[in-house]
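Please open the model in your viewer and keep the selection panel at hand.

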Amino acid sequence: MRATVDRAGLDPQGRLPKVQIRRVRKGDLSKVRDVMEQTFGDFLERQLGTRPRQAFGGAQYVHHRWLMEPWGCFVAEEDSSKIVGAALAVTWGTVGVLGPVAVLTNYHNQTIGQQLIRAAQDFFDENKATLHGCVTYPTSPKHLYLYHKFGYRPKQLTAIMSRAIDRGPARVSALAKAPVKTPLTARRFSTLEEAKKKAALVRIHRITNAVCRGMDLAKEIEIVDGLALGDTVLLERGRDVIGFAICHSPGVSEAPTGALYVKFLAIDPPQRKPEHLEQFVTLIEGFGQELGVQRVILPVYARYWVAYNVLIQCGYQIDFTMIRMQRGKQEDYEDPADLVLDDWR
Ligand SMILES: CC(C)(COP(=O)(O)OP(=O)(O)OC[C@H]1O[C@@H](n2cnc3c(N)ncnc32)[C@H](O)[C@@H]1OP(=O)(O)O)[C@@H](O)C(=O)NCCC(=O)NCCS
């Protein structure tokens with residue numbers, strides 16, 4: 001089908017097609033999803049030698065992202081009729097995160113990707129995002145070249161790690177030195193009354209702001225809550241929230257089939273003891289067990305070196321790596337001792 005329908009993207013007279021960039025509309029959503037699946041399927045097939053049955057293992061990106069940030073979602077449309085590319089972007093306060101970006105394979109190298117990225121950049125600028133980032137494939141010269149054109153610098157690897165939780169003995173703590181006086185507990189954001197949700201969001205904003213000035217994850221937490229994509233697990237000591245983890249569970253979220261996926265986790269910097277992260281991971285695994293998933297997926301940016309080491313000690317293995325690209329102010333804001341797990345896919 002691709003061979004005839006998408007043939008080189010040329011019209012019958014051999015001219016380049018007229019491609020326009022516009023914002024995603026509700027009626028585009030399934031088509032955008034198909035374009036993403038198809039494009040990444042092609043890309044992974046070239047990389048791996050076999051085509052994955054589902055490019056993202058059942059994870060979904062389009063519908064809830066559009067509901068969360070409709071002004072950050074763009075399509076490239078040929079002749080006002082056919083969607084040939086798409087880019088999603090979101091602002092977390094002052095941090096703009098770009099991706100996924102996809103252009104149908106037979107339309108590559110016609111500047112469509114650049115036009116989509118430019119639209120996302122404009123969206124970041126309109127919303128005063130001062131730090132822009134994405135992740136990409138570190139071994140692809142094309143990807144590094146493309147993002148370099150927009151001023152993105154390659155930084156360190158992001159490792160997508162996972163651990164099976166359905167079998168094996170409970171993990172013995174490698175880090176706890178002495179019995180803790182006030183144990184850490186987990187509470188689910190969805191169980192709070194509305195007023196308490198607001199208070200929790202204020203507390204969480206203080207945590208993310210301490211990690212990176214101006215960073216705000218409220219809309220990610222609210223969309224997970226509003227659409228029941230999973231839940232945000234609050235790490236508490238006594239009545240104080242000292243950390244949070246935005247968890248997606250399989251279905252229509254960013255979690256692949258059979259896995260609980262943590263999109264963002266942070267522990268308040270003044271409380272950043274490695275054993276706190278270890279306990280938090282154990283609590284999240286307990287949540288995964290309640291949900292009946294087989295795996296927990298945790299992403300970690302290698303610059304968060306302490307967090308990376310804790311995950312290894314917790315038995316997490318690297319499924320694959322991508323490279324973080326960044327541009328703008330506060331480009332090197334990350335403190336290696338911060339206990340943060342964040343995925344910019
Ligand atoms: C990445 C992607 C979105 C780019 O879209 P695109 O429309 O092909 O990109 P553009 O044509 O705008 O730009 C590509 C640039 O890379 C250059 N390029 C192509 N192959 C290259 C290579 N091997 N080495 C260096 N540069 C290369 C092109 O010449 C062009 O630059 P130019 O306009 O200065 O000449 C597209 O390839 C895609 O969908 N890939 C699969 C999914 C994916 O990987 N998404 C991004 C994940 S981060």
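Begin by selecting helix H8 (residues 274-291) together with helix H9 (residues 305-313), whose axes come within 10 Å and cross at roughly 50°. Helices here are DSSP runs (H or I) of at least four residues and strands are runs (E) of at least two, numbered from the N terminus. Axes are lines fitted to C-alpha atoms, for helices over the stretch in contact, and angles run from 0 to 180 degrees between N-to-C directions. H8 is therefore oblique to H9, given that angles under 35 degrees count as roughly parallel, over 145 as roughly antiparallel, 65 to 115 as roughly perpendicular and the rest as oblique.

Show the side chains next: Pro-274, Leu-277 and Glu-278 of H8 meet Val-306, Ala-307 and Val-310 of H9. Contact requires C-beta atoms, placed from the backbone, within 7 Å. Five of the residues in this contact are nonpolar, none is polar and one is charged. In this classification Ala, Val, Leu, Ile, Met, Phe, Trp, Tyr, Cys and Pro are nonpolar, Asp, Glu, Lys and Arg are charged, and the others, Gly among them, are polar.

The model is predicted; local features need pLDDT of at least 70 and side-chain atom pairs count only at pLDDT 80 or more, while totals for chains, interfaces and linings use all residues. Residues are numbered from 1 along each chain as its sequence is written.

Is Ser-253 buried or exposed? Ser-253 is buried, because 24 other C-beta atoms lie within 10 Å; 20 or more count as buried, 12 or fewer as exposed, and values in between as partly exposed, with C-beta atoms placed from the backbone. Leaving aside residues up to four places away in sequence, Ser-253 touches Gln-60, His-64, Leu-229, Gly-230 and His-248.

Select Pro-100 in strand S4 and inspect the peptide bond from Gly-99, which is cis with omega near -5°. Continue to Asn-109, in the loop between S4 and H4, where phi is positive, near 60°. Asn-109 counts as exposed, with 9 C-beta neighbours inside 10 Å.

Finish at Gln-330, in the loop between strand S12 (317-328) and strand S13 (340-342). Its phi is also positive, about 55°, and Gln-330 is partly exposed, with 15 other C-beta atoms within 10 Å.

Notes
Two residues are in contact if their C-beta atoms, placed from the backbone, lie within 7 Å.
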